[in-house]
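I record what I looked up, strand by strand.

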Amino acid sequence: MGNIDLCIIGNGPAGLTAAIYAARYGIKQVLVGDLPGGLMTSSHKICNYPSEKEISGMELSQKMVDQVNFLSVPQIMAQVKSISKIDDSYQLDLSNGENIIAKTILIATGTKHRHLNLSREKELIGKGVSYCATCDGMFYKNKVVAVVGGSDSANTSSLYLSQVANMVYQIYRKDALRGETAWINQIKNNQKVKVIYNNEITELIGEEKLLAIELKNEFEGKTKIIIDGLFIEIGSEPDLNLSKQLNLKTDKGGYILTNQDQITSQKGVWAAGDITTNSNSFRQIITACAEGAIATENIFKFLNK
């Protein structure tokens, strides 16, 4: 698509906000990503985003996407396969076969779901194993499901699934749930959610589809629980692909180190959102949006030097 000033990689809240600001600044840009809204789309309910008393992640994603579309931001639905520096610019090769030459890069690829790394986990994805309750929950209407995890994402998933399924087992390796007190209190008062503390899954049972799970420790006198669906909500981790290709400095967890203006260790490359170490590592939609705005403002200054 020719030479451009800015390529934003990732179309979650950080990337979408950056695209909005870049459009307002008149920066010649393109937004590249394969999931509009990113992991935000999998949030059952968001209650801490200003102006929205409560809203689903899918709805909030669509609102942001609508604003980007209103501003006529050029977008490519693809992944960045490789990236390399050419003189003072960067060449990006996309999964759809296109190539982009950009003066500056903003990495806003967020994070990806953590897996349990159990045998047959990958084979059973879509056949009883899921990482998104709001995406797949309705497939388990009046059935028995389990949720793994004890943080907000797991807690809200359990509450959502309790509105769909007959029974929800929530399995957590520690002795108390963590996250927002409001969600935890709702779980304690929900008769359709049974929390299994101090336990973890050791085996997924089923060939063509998930039939049951095996627990490390006994629960109600047994270690095998028959379920129809398993929702894995044990957090997320950064995608290291692009940061490794660009040789960016990261912390031990692989999160990209950035200055307060969101610039990375590589000249011409910024990062924003959950993939960075900024915002006191408080990975929220609102902090991702803020980092996207800050990065774009600094990119605008850089381009106009």
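In which order do the 3 strands of the open sheet lie, and is the pairing parallel or antiparallel? I worked from a predicted model. I found the order E12-E13-E14, with antiparallel pairing.

For the twist from one strand to the next, I noted an average of 30°.

Entry on E12 and E13. I noted 4 bridges joining these antiparallel strands. Within this pairing, I located Ile205 opposite Ala212 of E13. I next examined the hairpin that E12 and E13 form, and I counted 6 residues between the strands. Gly206 has a positive phi in this hairpin, near 140°.

Entry on E13 and E14. Strand E13 covers residues 212-219, and I recorded 4 bridges in its antiparallel pairing with E14. Which residue of E14 is the bridge partner of Phe219? I identified Lys222 as that partner. I also placed Ile213 opposite Ile225 of E14.

How many residues lie between the strands in the hairpin of E13 and E14? I found 2 residues there, and I noted that Glu220 takes a positive phi near 55° in this hairpin.

Technical notes: Residues are numbered from 1 along each chain as its sequence is written. This is a predicted model: local features need pLDDT of at least 70, side-chain atom pairs count only at pLDDT 80 or more; totals for chains, interfaces and linings use all residues. Side-chain values use heavy atoms; hydrogens and water are left out. Two strands pair if DSSP finds at least two bridges between them. Axes are lines fitted to C-alpha atoms, for helices over the stretch in contact, and angles run from 0 to 180 degrees between N-to-C directions.
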